[in-house]
Amino acid sequence: MALTRDGGGGGGGNFATAMVAAEPQQQQQTSNFKKKTASSSRSWVVVDGTGESTTLDVDKYAVMHRVNIHARDLRIIDPLLSYPSAILGRERAIVVNLEHIKAIITAEEILLRDPYDENVIPVVEELQRRLALNAIQHGQGGGDYEGLHNEEAADEDESPFEFRALEVALEAICSFLAARTTELESAAYPALDELTSKISSRNLDRVRKLKSAMTRLTARVQKVRDELEQLLDDDDDMADLYLSRKLDGASSPSSDLAGGNNWFPASPTIGSKISRASRASIATVHGDENDVEELEMLLEAYFMQIDGTLNKLTTLREYIDDTEDYINIQLDNHRNQLIQLELFLSSGTVSLSVYSLVAGIFGMNIPYTWNENHGYMFKWVVIVTGVACALMFVLIMSYARYKGLVGS
């Protein structure tokens, strides 16, 4: 991208004005150029079957050529784009997009994006540890193992590389989401208990933030769970994840045709001489229902784990809902108490208004003759009026209690 500035043949003032106007545009173009450079050339870490890791700084075209995938598959694991969680099987690779784990798994190596991310570093270390340990065990026990068991048993005792790498990714994301759920639970339950004991703006705001965090975390866990459930429901999608089997199936027909004249007639029990991977690929073609059993068991284990995490979040949501109901009940009770107090005060005000009416009548500055030589009437007026007001207040409150407007 070329960063140019229109300078033309204008005067000095026009040129200065153009420079000032072009500076924000230059800064924006420079920022866009940096973003494009960062997006086109990103860091990757490659871990092979022996646990050796190599950091690469290549563009997307080199990655596409290396693992033989399309650009749309690479966009799925682009951190700048928002794609849902996905585990996609391609011809020679598995595209994994699970939260911060954005990887491409082949039959021989795994490529992880952003290896310096704090959440990706533990995944790389676990991959190195497990693959290196498996390589050491396979190297030390290879001869003895073949002496004790046949080749078919040895093959059954070892999972393909893509499944071991996928298992590490699934374990990492399930453990990560479970840890976030545990942290949220440890913060939410005390906050909810404190809110039930004391309703305040501070506690309400704290619970509001925790509920928002729980909603976001539930959505993330739900996406991973739905992806695993979708894989488990479709045997064809699971069969697409058998990369080693597809490679063996692609190489078996040519080798069979090349050596067919040598061993076909002399081998009545041909099935016993076909490797386990070749039989599995043939089973895939003919639709054997047991050909994805190994991957199905692997996915079911982590599906149960992520489903347990989702159940914890569901329980937490129910607890929050129960707390909200309890708070609403408390607020309704306080509101009812205020209404009862208002009724009590209104009844007293009505009763006193009668007393004020009598006092107003006798306080009128109008000449009349019947109050002469009747000084004893004052106390009787006061007593009778007070008794009448009190009786009116009692009658009003009795009627309200009879109608259930006030508590007993």
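The following legends describe close-up views of a predicted model.

**View 1. Packing of helix α7 against helix α8.** Helix α7 spans residues 161-197 and helix α8 spans residues 201-233. The axes of these two helices come within 10 Å and cross at roughly 155°. Because angles over 145 degrees count as roughly antiparallel, α7 is roughly antiparallel to α8. The crossing of α7 and α8 is left-handed. Where α7 meets α8, the contact is made up of 18 nonpolar, two polar and five charged residues.

**View 2. Packing of helix α7 against helix α13.** Helix α7 also packs with α13, at an angle of about 15° and with the axes 10 Å apart. Since an angle under 35 degrees counts as roughly parallel, α7 is roughly parallel to α13. The crossing of α7 and α13 is left-handed. Sorted by class, the residues in the contact of α7 with α13 are 22 nonpolar, eight polar and six charged.

**View 3. The aromatic pair of Y189 and Y319.** The model has three aromatic pairs by the rule that ring centres lie within 6.5 Å. One of them joins Y189 and Y319 in an edge-to-face arrangement, with 5.0 Å from centre to centre and 70° between the planes. The plane angle is over 60 degrees, which is why the pair counts as edge-to-face. Y189 belongs to helix α7 and Y319 to helix α13 (residues 293-362), so this pair links distant parts of the chain, 130 residues apart. The C-alpha atoms of Y319 and Y189 are separated by 8.4 Å. Y189 has a relative accessible area of 24% and is therefore partly exposed. Y319 is likewise partly exposed, at a relative accessible area of 30%.

**View 4. The aromatic pair of F344 and F393.** F344 and F393 form an edge-to-face aromatic pair, in which the ring centres are 5.3 Å apart and the planes stand at 85° to each other. F344 lies in helix α13 and F393 in helix α14 (residues 377-402), so the pair ties together parts that are 49 residues apart in sequence. F344 has a relative accessible area of 41%, and is therefore partly exposed. For F393 the relative accessible area is 21%, and this residue is also partly exposed. Buried means under 20%, so F393 at 21% does not count as buried.

**View 5. Packing of helix α13 against helix α14.** The helices that carry F344 and F393 are α13 and α14. Helices α13 and α14 pack with their axes 9 Å apart, at an angle of about 155°. The two helices are therefore roughly antiparallel to each other. The crossing of α13 and α14 is right-handed.

**View 6. The charged end of R245 over the ring of Y242.** In this view, the charged end of R245 sits over the ring of Y242. The distance from the charged end of R245 to the centre of the Y242 ring is 3.8 Å.

**View 7. Positive phi at N68, in the loop between α2 and α3.** N68 has a positive phi, near 60°, and is a residue other than glycine. The loop that holds N68 runs between α2 (60-67) and α3 (71-76). With a relative accessibility of 47%, N68 counts as partly exposed. Exposed means over 50%, so N68 at 47% does not count as exposed.

**View 8. Positive phi at E99, in the loop between β4 and β5.** E99 is not a glycine, although its phi is positive, at about 55°. E99 is found in the loop between β4 (94-98) and β5 (101-105).

**View 9. E52 and Q128.** E52 is located in the loop between β1 (41-48) and β2 (53-59). The relative accessible area of E52 is 52%, and E52 is therefore exposed. E52 and Q128 are 76 residues apart along the chain, and their C-alpha atoms are separated by 6.5 Å.

Conventions:
Residues are numbered from 1 along each chain as its sequence is written. This is a predicted model: local features need pLDDT of at least 70, side-chain atom pairs count only at pLDDT 80 or more; totals for chains, interfaces and linings use all residues. Side-chain values use heavy atoms; hydrogens and water are left out. Axes are lines fitted to C-alpha atoms, for helices over the stretch in contact, and angles run from 0 to 180 degrees between N-to-C directions. Helices (H or I, at least four residues) and strands (E, at least two) are DSSP runs, numbered from the N terminus. Angles under 35 degrees count as roughly parallel, over 145 as roughly antiparallel, 65 to 115 as roughly perpendicular and the rest as oblique. A crossing is left-handed if the near helix is turned anticlockwise from the far one by less than a right angle, and right-handed if clockwise. Ala, Val, Leu, Ile, Met, Phe, Trp, Tyr, Cys and Pro count as nonpolar, Asp, Glu, Lys and Arg as charged, and the others, Gly among them, as polar. Rings of Phe, Tyr and Trp (its six-membered ring) pair if their centres lie within 6.5 Å; planes under 30 degrees apart count as stacked, over 60 as edge-to-face and the rest as tilted. Buried means under 20% relative accessible area, exposed over 50%, partly exposed in between (1.4 Å probe, protein chains only). A charge sits over a ring if NZ of Lys or CZ of Arg is within 6 Å of the ring centre and within 35 degrees of the ring normal.
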